[in-house]
Amino acid sequence: MSRTVCGKSAFELWGHGATTDDLRTSLLEYPAENMAQYLQQNSTYKINVYTFNKTLVFEDRIKKIDALDFLPFKGTVNLKDPEHIFCLLEDYGSDPNDIPEEPFHIYFGRWIADGQRELIRSYSVKKRHFIGNTSMDAGLSFIMANHAKVKADDLVYDPFVGTGSLLVACSHFGAYVCGTDIDYNTIHGIAPYGIRESTRRTGSHKDIIKPPEDFSGESHVPVSMAYHLSDIFADLLNFAAHHLVLGGRLVYWLPIYRPEYCEEMVPLHPCLTLISNCEQTLSSHTSRRLITMEKTKEPEDSDRLVHLADPRFTPYQGHNSFREKYFSGLTKKNGKDAKATPGNKD
């Protein structure tokens, strides 16, 4: 809970039920010896009431707390700095247009810890001096940092750093961070970037095609070249395999055209073990999957040819058409919206 931005709080559940009578029965069945150490006469406590999808006035909250008088609280109430905090949680569903009079379910337990949801607010992109049109929000950045198990004095490198959202989250945990990006304007805070930009890589002397023997001009190194997604992932995994420490982690987003997705699309490497594969749905036809891999062995010369012996390590070429499929889906959606919307005669 000292790291997560996904969980609001953690509780030790003492009882629950669909009604107050069910809750009372459940609480009375909870082992008294498990309660005793938190209900001592020389202890202090308070009870909070949390309602989800409904707001209760103060008087109603007090009534609900008073209804718990059958519990053997022997300590003293302390609202400012209690030793123990207990919580009554009521679930009124998730539809703000259809809030029931009584809760669907009620829970009671001892508060253990809060998560780090406030990090999403304190590191909000709205507070940043420069962001792009697809700058990663703080919540996702901290999720990636947690998947990577980033801790103090770690070295984190982002080869597609963009506006630096991931590095901001990693630096919060005390890591040394660095990054690179092909887009000069983005690195220097001049212009936005995103999925609408085609994938490119910098040119190098390796890309120079051998000129004819009678060629007398200078060799030309291209500023940038087309860079297919399948090649990006192959290079990314190879780079991680060679430069991560054993136990180090590679965490990245894999764009997916959902109608065609299968597990075989996730790039693999003999030196990296797949730890998790989590989907974030973007639309009915697209999503991105958060891939986490851990380095479990050092690379060997034989790894270069492993894709010939095992097709699992062959780069999946279908990623290369993701942008076209993405915009194809947007075009179809916009077309449907246009047909559904009456034309304006003006």
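Is K297 buried or exposed, or does K297 lie in between? K297 is partly exposed, with a relative accessible area of 27%. Here buried means under 20% relative accessible area, exposed over 50%, and partly exposed in between (1.4 Å probe, protein chains only).

This is a predicted model, in which local features need pLDDT of at least 70 and side-chain atom pairs count only at pLDDT 80 or more, while totals for chains, interfaces and linings use all residues. Residues are numbered from 1 along each chain as its sequence is written, and side-chain values use heavy atoms, leaving out hydrogens and water.

**View 1. K297 meets D303 in a salt bridge.** The N to O distance is 3.1 Å; a salt bridge is a side-chain nitrogen of Lys or Arg within 4 Å of a carboxyl oxygen of Asp or Glu. D303 counts as buried, at 13% relative accessibility.

**View 2. E294 and R249 join two strands.** Their side chains form a salt bridge (2.9 Å, N to O). E294 lies in strand β12 (residues 286-295) and R249 in strand β10 (residues 249-257), so the pair ties together parts 45 residues apart in sequence. Strands are DSSP runs (E, at least two residues), and helices likewise (H or I, at least four), numbered from the N terminus. R249 is buried, with a relative accessible area of 19%.

**View 3. Helix α1 (residues 20-29) has buried L23, S26 and L27.** Seen down the axis of α1, its buried residues fall within an arc of 100°, so they line one face of the helix; the arc is that of the directions from the helix axis to the C-beta atoms. On the other side, D21, L28 and E29 are exposed.
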